[in-house]
Amino acid sequence: MKAYLQRMGRSLQLPVAVLPAAALLVGIGHWLPQKWAAAQFLQSGGNAILTNLALLFAVGLALGMSKDKDGASALAGLVAFIVPVYVLDPAQVSTLLGIKLSAVDPAFAAIKGNVLIGIIAGLVAAALYNRFHETKLPMALSFFSGKRLVPILASLVMLVVSLVLLFVWPPLYEALVSFAKFIVGLGAVGAGLYGFFNRLLIPTGLHQALNSVFWFNVAGINDIGKFWAGEGVKGVTGMYQAGFFPVMMFGLPAGAYAIYKNARPERKRETASLMLAGAFASFFTGVTEPLEFSFMFVAWPLYVIHAVFTGISLAFAAFMHWTAGFTFSAGLVDFVLSSHLPIANMPYMLLVQGLVMAVIYYFGFDFAIKKFNLMTPGREPVEETTDADTDIEVATDSSDDKYTVTAKKVYAAIGGKDNITDIENCTTRLRLQLKDTDKVNKAAIRGAGAVGMNVLDKTNIQIVIGTEVQFVADALTKLFETGAPISNVANSPAAPAKPIVDPNINSGAVDTFYSVAQGQLLDIEQVSDPTFAQKMLGDGYAIEPVNGEVVSPIDGEILTIFPTKHAIGLKTTDGLEVLVHMGLDTVELKGAPFDIKVKQGQKVKHGDVLANADLQAIKDAGKKSTMIVIVTNMPNVAYMKFAELDRSIAANNEVVKVTVK
């Protein structure tokens, strides 16, 4: 189920990507004088997209959730959507039930633009495509075999769904209407609850049903209609709109900045592009979907926090009787247009409230992202390793562009067609389902130019390519579909990179290792990183430090200082190779928290200061400050005798004696 929902979230990005175009058309149209034909023309173009969002979801989900992204699945999604929309149109319901049109439940008038109907249609179409697109019918019906069969089945299945909705939809819709009427009686508290549920229902599409009760003349509230007509009570009419302005113009853009600030250093550029575009759309036009959908599914707790903040904003604006209105959404354009209306009450105070909401959003998002390690855009985990990058040799020709070359290298590194089950991608990542992720040559993946990777489980892996991932995914899909051979590709795991040291080992000698920092001494198996805990790189120990001074654990020589300053390689006088690793995943911090005090080739004694680490900066970056000491050439170790583990220890206290083989 988790994988299915994640795939659904990725598929929704396709129709959502259309929204900025709509925002641009509507925004420019609003800026122009409204008497100009060009203004109305542009607004009509934008609204043509926005009013058909449910249809876009149906087609986009059907295409995105299908196995091979074939156009037939999108056609099936279109068919699956138009069937219930037509069958459940009030005029058709009137005929089906044999009642007057005026007696038809008003819930059916909301079917056409409801995103939930689009989502249902898209998922049904995709499921039918995946199950039946290769079905072969008897000879007499062979024309309708395979992909042609899917839209036919979609129409039949959605007829059944429409029959169910004929009875289920009215009570569901009426329940929302009744709930909204109850909230109206709660005043400012009701406005806050409305704002909270407005955001919370967006993933289901049912927020449109809720909005129609508050904004239009369904239950007699008609907040938008009365505001723009200058009717109602000043300071009250508009209360279900005003609180959105501080959120959309200031809060969400500030939240986007928090997401950018928490992105990994190597991904800040691509994250900035995504967040900047979304923040501009939110501020200028009030189109929030590009921002909200960027974290709605991948970091859902953050979306709940966003819903809470929205509720607070609407409640406060209503309590203070600050009002403004919109015809499209709560962006700058509508704010400027509505602020001069006679019924608007102290609208510029909403800008002051917006500045406060910006602070709340920034620090609220920043705290939640770090506290709960939320995977917002740009924070996808990158596996740290000391393997050397492998440059895979693949057969190419003059027609191959850089994306095809990268795809070929990735294709070979993951084991080719025989190991691939499914190929997907999101904004920056390849999301692959494999038969066995243990067969992946991880060093070769990095050699192919990947920014990073995350092995989720035995069958799922994510490979971070960057914002051009779509082109790599397309090329990779072609290789998979054609079953391209990989026999000409060297695909053996790369050997771990080790410092170049004197091969002469002083056999039988005993080296004493000391603590590298003051803190809690741990067994290496207690480290919260499988690479170290499973002793993939070697055996040793760890310290949870109480201060940032890091000292040498041995008498010997500095062999290597990593460019990112997070690790130092040493050699004992008897030839053992030692790695001092400062923090977990700190390679991504590009050396910022570390002040190295030694140089390569320098002779050191145990207790000499190697580096000073800013522990708070490491923690603020969402990393652990664990200091790790391991022997990397374990074949030369005969025996390791540890002192008592799991205890408090001072820097330069004896920890283990290591006998050289």
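Modeller: A nonpolar core is a set of buried Ala, Val, Leu, Ile, Met, Phe, Trp, Tyr and Cys residues joined through side-chain atoms within 4.5 Å, where buried means under 20% relative accessible area, exposed over 50% and partly exposed in between (1.4 Å probe, protein chains only). The model is predicted, so local features need pLDDT of at least 70 and side-chain atom pairs count only at pLDDT 80 or more, while totals for chains, interfaces and linings use all residues. Residues are numbered from 1 along each chain as its sequence is written, and side-chain values use heavy atoms, with hydrogens and water left out.

The largest nonpolar core holds 60 residues, of which Tyr 194, Phe 214 and Leu 302 touch the most other members. Eleven residues of this core come from helix α12 (residues 244-261), the element that gives the most; helices are DSSP runs of H or I with at least four residues, strands are runs of E with at least two, and both are numbered from the N terminus. Beyond its neighbours within four places in sequence, Tyr 194 is in contact (heavy atoms within 4.5 Å) with Ile 183, Leu 210, Asn 211, Phe 214, Trp 215, Tyr 240, Phe 244 and Leu 314. Another core, of 36 residues, lies apart from the one described above and has Val 516, Val 550, Leu 589 and Leu 610 among its members.

Helix α9 (residues 188-200) packs against helix α15 (residues 300-320) at an angle of about 150 degrees, and their axes are 7 Å apart. Axes are lines fitted to C-alpha atoms, for helices over the stretch in contact, with angles running from 0 to 180 degrees between N-to-C directions. The two helices, α9 and α15, are therefore roughly antiparallel, a term for angles over 145 degrees, whereas those under 35 count as roughly parallel, 65 to 115 as roughly perpendicular and the rest as oblique.

Thr 323 lies in the loop that joins α15 to α16 and is buried, at 1% relative accessibility. Its C-alpha is 5.4 Å from that of Gly 238, although the two residues are 85 apart in sequence. Ser 338 belongs to helix α16 (residues 332-338). Ser 338 is also buried, at 0%, and, its neighbours within four places in sequence aside, contacts Phe 227, Trp 228, Ala 324, Gly 325 and Ala 344.
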